[in-house]
Amino acid sequence: MSYKIHMKGRDDPRTPYQIDRLYAWKHGKYFSPATVEISPTNACNQRCTYCYAWRESKSREMLRDDILIGCFDQLADADVGGVVIQGTGEPLLHKALPEAIKRGASRHIPIQLTTNGVLLNAALQDEILQHLYCLRISVIDNDPRRYADQHGCNEKQWHTLVANLERAIAVRARSNLPFSTMATVYLSENNVNDLYNCVRFCKEIGIDFVYVLEPQYTSYSPSGKRSHISSHMANAGHDIDSVCEKILSLIDDNFFVKIKLYVKEHILSGATKQTWKNDYCQGVKFYTLIGCDGEVYPCWRAWESKRYSFGSLYEKEFTEIWQGEKRRQIEEMIMRTPPDGDECLVCTICLLNKMLDETSNVTKWVNFL
Ligand SMILES: C[S@@+](CC[C@H](N)C(=O)[O-])C[C@H]1O[C@@H](n2cnc3c(N)ncnc32)[C@H](O)[C@@H]1O
Ligand code: SF4
Ligand code: SF4
């Protein structure tokens, strides 16, 4: 299996190719979102130290089965480009997920599943792998003890995850399935000297594409708010450049790595009260969310915060909500309300916001191709 076949286009800027949507956006016309993220549940089988979605006090919810399955028809009818199954908990805890994925695939929607992978057992794999466009596993380490510490779980989960992944990749090869595999490796104080081995481990398992990142610890994260680990490492004298160089030497025709560390480059994150700009968050028109409570929300800041809901799938169809006046009002409200504390810190569409902002501020140089 080749990375080139499976991940072609992943590392390219994707927004400029949304030509029809960009045209409609520029001219104030209606368009459907390119991507919809679904949160089947906010329950989880782990308690990752960094998890921005963690809310100790929140009651655990599952999206109603008929809504989870049926929304794929509604999203296909609405001409949505792709669906990311991810959200605020572990998607594989939802028993109706395989049925929903099958429904989405039958309507030709490309689907990315983001999961910690521990529950992806043989039976589940045989039901869903053939229907996926991408399987993304977050977050991998090559050491069971470190994995358990980072994910707030027992070491057994690491062994289960690795066995699941090895099987999934063997099944893919055997049956020539077209889905790609992606994984995230997070830098931590404990793995800096072993970061190369973590990435090599992913390569040896057969993953196509690895992101080496560091999490944004927020005030919601179980281990609390912390500054960027890579800065501490650099201050403590760790030679991060050499580590990165060694990791990048793993790239070949079948394997790709992308490294994004705070100490190496400016890492985009969502706004704070100080950096906020009204009307900047235009990405909410291209990427939207369906919460485990059935509400349609603009962005990660809004998850399960009903004051930002465009409407509920328990009451209306997706297109009706997307075309509704309430959506216009909520977009205006969220784009003109600076965040409190860390509300926006982990923003999944900050790159999209930046690119859209840049297209709004072009100079006459744009005419010199
Ligand atoms: C909340 S999880 C839900 C899906 C699934 N449970 C998982 O972990 O893959 C969605 C994504 O958010 C990422 N994430 C969680 N907390 C984060 C943080 N503080 N900074 C950056 N990414 C974070 C996770 O690594 C994962 O890729
Ligand atoms: S990052 Fe994913 S696996 Fe970890 S606690 Fe959050 S929702 Fe669960
Ligand atoms: S989370 Fe939403 S409101 Fe906050 S920066 Fe991102 S798009 Fe804007």
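# A guided tour of the predicted model

The model is predicted, so local features need pLDDT of at least 70 and side-chain atom pairs count only at pLDDT 80 or more, whereas totals for chains, interfaces and linings use all residues. Residues are numbered from 1 along each chain as its sequence is written, while chains are lettered from A and ligands numbered from 1 in the order in which they are written.

**Backbone features**

Remain at Asp-79, in the loop between α3 and β2 (82-85). Helices (H or I, at least four residues) and strands (E, at least two) are DSSP runs, numbered from the N terminus. Asp-79 is not a glycine, yet its phi is positive, near 70 degrees.

Select His-108 next, in the loop between α4 and β3 (111-115). Its phi is also positive, near 65 degrees, in a residue other than glycine. His-108 is exposed because 7 other C-beta atoms lie within 10 Å.

Then display the peptide bond that joins Ser-138 and Val-139: this bond is cis, with omega about 0 degrees. Val-139 belongs to the loop between β4 (134-138) and α6.

**Two helix pairs**

Show helix α3 (residues 65-77) together with helix α4 (residues 97-106); their axes are 8 Å apart and the packing angle is about 10 degrees. Axes are lines fitted to C-alpha atoms, for helices over the stretch in contact, and angles run from 0 to 180 degrees between N-to-C directions. The two helices are therefore roughly parallel; angles under 35 degrees count as roughly parallel, over 145 as roughly antiparallel, 65 to 115 as roughly perpendicular and the rest as oblique. From α3, select Leu-68, Ile-69, Phe-72 and Asp-73, which make the contact with Glu-99, Ala-100, Arg-103 and Gly-104 of α4. Two residues are in contact if their C-beta atoms, placed from the backbone, lie within 7 Å. By class, this contact has four nonpolar, one polar and three charged residues. Ala, Val, Leu, Ile, Met, Phe, Trp, Tyr, Cys and Pro count as nonpolar, Asp, Glu, Lys and Arg as charged, and the others, Gly among them, as polar.

Move on to helix α6 (residues 144-151) and helix α7 (residues 155-175), which pack at about 110 degrees with their axes 8 Å apart. These helices are therefore roughly perpendicular to each other. Here Pro-144, Arg-145, Tyr-147, Ala-148 and His-151 of α6 meet Glu-155, Gln-157, Trp-158 and His-159 of α7. The contact divides into four nonpolar, three polar and two charged residues.

Centre on ligand 1, which has 20 residues around it; Tyr-52, Ala-53, Ser-138, Pro-215 and Gln-216 come nearest. A residue is near a molecule or strand if its C-beta atom, placed from the backbone, lies within 6 Å of it. The shell of ligand 1 has eight nonpolar, 11 polar and one charged residues.

At ligand 2, select Cys-44, Gln-46, Arg-47, Cys-48, Cys-51, Ala-53, Trp-54, Gly-89, Glu-90 and Asn-116, which surround the ligand. Five of these residues are nonpolar, three polar and two charged.

Ligand 3 is surrounded by 15 residues, of which Gly-270, Cys-281, Cys-299, Cys-344 and Cys-347 are the closest. This shell has 11 nonpolar, three polar and one charged residues.

Keep Cys-299 selected. Its contacts, apart from neighbours within four places in sequence, are Cys-281, Val-284, Leu-289, Cys-347 and Ile-349. In the largest nonpolar core, which has 95 residues, Cys-299 is one of those that touch the most other members, together with Val-83, Val-185 and Val-199. Helix α8 (residues 195-205) supplies the largest share of this core, five residues. A nonpolar core is a set of buried Ala, Val, Leu, Ile, Met, Phe, Trp, Tyr and Cys residues joined through C-beta atoms within 7 Å.

In α13, select the buried residues Cys-350, Leu-352, Asn-353, Met-355 and Leu-356; what covers them includes β8 (287-290). Finish at Phe-368, in the segment after α13 (350-360). Phe-368 counts as exposed because 6 C-beta neighbours lie inside 10 Å. A distance drawn from Phe-368 to Ser-219 spans 46 Å, C-alpha to C-alpha, for residues 149 apart in sequence.

Technical notes. Buried ≥ 20, exposed ≤ 12 C-beta atoms within 10 Å, placed from the backbone.
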